[in-house]
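Here are my notes on this model, as numbered points. Please read them with the structure open.

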Amino acid sequence: RRLPLLAGNAGETDGAEQLASQIESQRGPFAEAAVRMLYRSAAAAVQRAGEGATDEQLINLVRHGQRIIERTGSAPAALADAATLSLHSTVADAAMRLYDRQKVESMRDLALTLDRAILKAAPNSEAPLRRVARLAEEAGQEGEALDAWRLLLPGASGIDRSLPFPDADGA
């Protein structure tokens, strides 16, 4: 009963994390519920903050999301579930945002791993294709980046023009 109160209070993230870790160490349905509750709380905080989400909020979302992903897996069969697919995409987006801010390669690599899994289950999904196109290039995987851009180009009339598109000079 204390976890929902702690998770809902922005100043109590450490207390909620400690309590969730205690519950999680016991395994079972309460552990699963605790992790999902912390993820939902972190995702809601990031959504409320929008582009103003802090690094701490994004880190919490990634950390709790990864815990769930470890349980559900990233196989195409698992990603057939819309909630699991959404979880992967939300965590990948947060990881990319952290990479953009901090240039921590593990966040870039996490986003790429999750997006590759999404694209195996749902090929041609725009958001993961955009992330792969950008992040694969930054990881030195130009072939993969080019493949992603090629898939995005046929739909160019319907793409979001707010995302900077690299020109021939790479700028």
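1. Start with the second largest pocket. Helix 3 (29-49) and helix 5 each supply at least two residues of its lining. The lining residues are Ala43, Ala44, Val46, Gln47, Gly50, Leu61, Thr90, Asp93, Ala94 and Arg97. By class, five of them are nonpolar, three polar and two charged. The volume of this pocket is about 180 Å³. Bear in mind that the model is predicted.

2. Overall fold. The chain has eight helices and zero strands. Read from the N terminus, the order of elements is α-α-α-α-α-α-α-α. Of the 171 residues, 38% are buried. Among contacts with a separation of 6 or more, 52% join residues 24 or more positions apart.

3. Confidence. The mean pLDDT of the chain is 82, and 74% of the residues score at least 70. Confidence is lowest in helix 1 (residues 2-8), with a mean of 45, and highest in helix 6, with 97. Residues 1-8 have a pLDDT below 50, yet the model gives this stretch 17 contacts beyond near neighbours in sequence. At residues 158-171 the pLDDT also stays under 50, and the model has 13 contacts there beyond four places in sequence. Where pLDDT is low, the predicted coordinates should not be read in detail.

4. Helix 6. This helix has 17 residues. From first C-alpha to last it reaches 25 Å, close to the 24 Å expected at 1.5 Å a residue. Its buried residues are Met107, Arg108, Leu110, Ala111, Leu112, Leu114, Asp115, Ala117, Ile118 and Leu119. The cover over them includes helix 4 (55-72), helix 5 and helix 7.

5. Arg108. Is this arginine buried or exposed? Arg108 has 8% relative accessibility, under the 20% cut-off, so it counts as buried. The residue sits in helix 6. Beyond its neighbours within four places in sequence, Arg108 contacts Tyr99, Leu135, Glu138 and Ala139.

6. Helix 7. Does its length agree with expectation, or what span should its residues give? The 13 residues (126-138) should span 18 Å at 1.5 Å a residue, and the end C-alpha atoms are 19 Å apart, which agrees. Pro128, Leu129, Arg130, Arg131, Val132, Ala133, Leu135 and Ala136 are buried. Their cover includes helix 5 (82-102), helix 6 (105-121) and helix 8 (142-152). Leu135, one of these buried residues, is also a contact of Arg108. Just after helix 7, Gly140 takes a positive phi of about 80°.

7. Two loop residues deserve a look. Lys103 has a phi of about 55° although it is not a glycine. Lys103 lies in the loop between helix 5 and helix 6. With 47% relative accessibility, it counts as partly exposed. Asn124 has a positive phi of about 70°, and it is not a glycine either. Asn124 is found in the loop between helix 6 and helix 7. Its relative accessible area is 51%, over the 50% cut-off, so Asn124 is exposed.

Conventions. Residues are numbered from 1 along each chain as its sequence is written. This is a predicted model: local features need pLDDT of at least 70, side-chain atom pairs count only at pLDDT 80 or more; totals for chains, interfaces and linings use all residues. Side-chain values use heavy atoms; hydrogens and water are left out. Helices (H or I, at least four residues) and strands (E, at least two) are DSSP runs, numbered from the N terminus. The expected span of a helix is 1.5 Å times one less than its number of residues. Buried means under 20% relative accessible area, exposed over 50%, partly exposed in between (1.4 Å probe, protein chains only). Contact means heavy atoms within 4.5 Å. pLDDT is the predictor's confidence in each residue, from 0 to 100. On a 1 Å grid over the protein atoms alone, a cavity is a set of points where a 1.4 Å probe fits but cannot get out, and a pocket is an open set with protein on both sides within 12 Å along at least five of seven lines; lining residues have an atom within 4 Å of a point. Grid points are joined across faces, edges and corners, and a volume is the space filled by probe spheres set on the points. Ala, Val, Leu, Ile, Met, Phe, Trp, Tyr, Cys and Pro count as nonpolar, Asp, Glu, Lys and Arg as charged, and the others, Gly among them, as polar.
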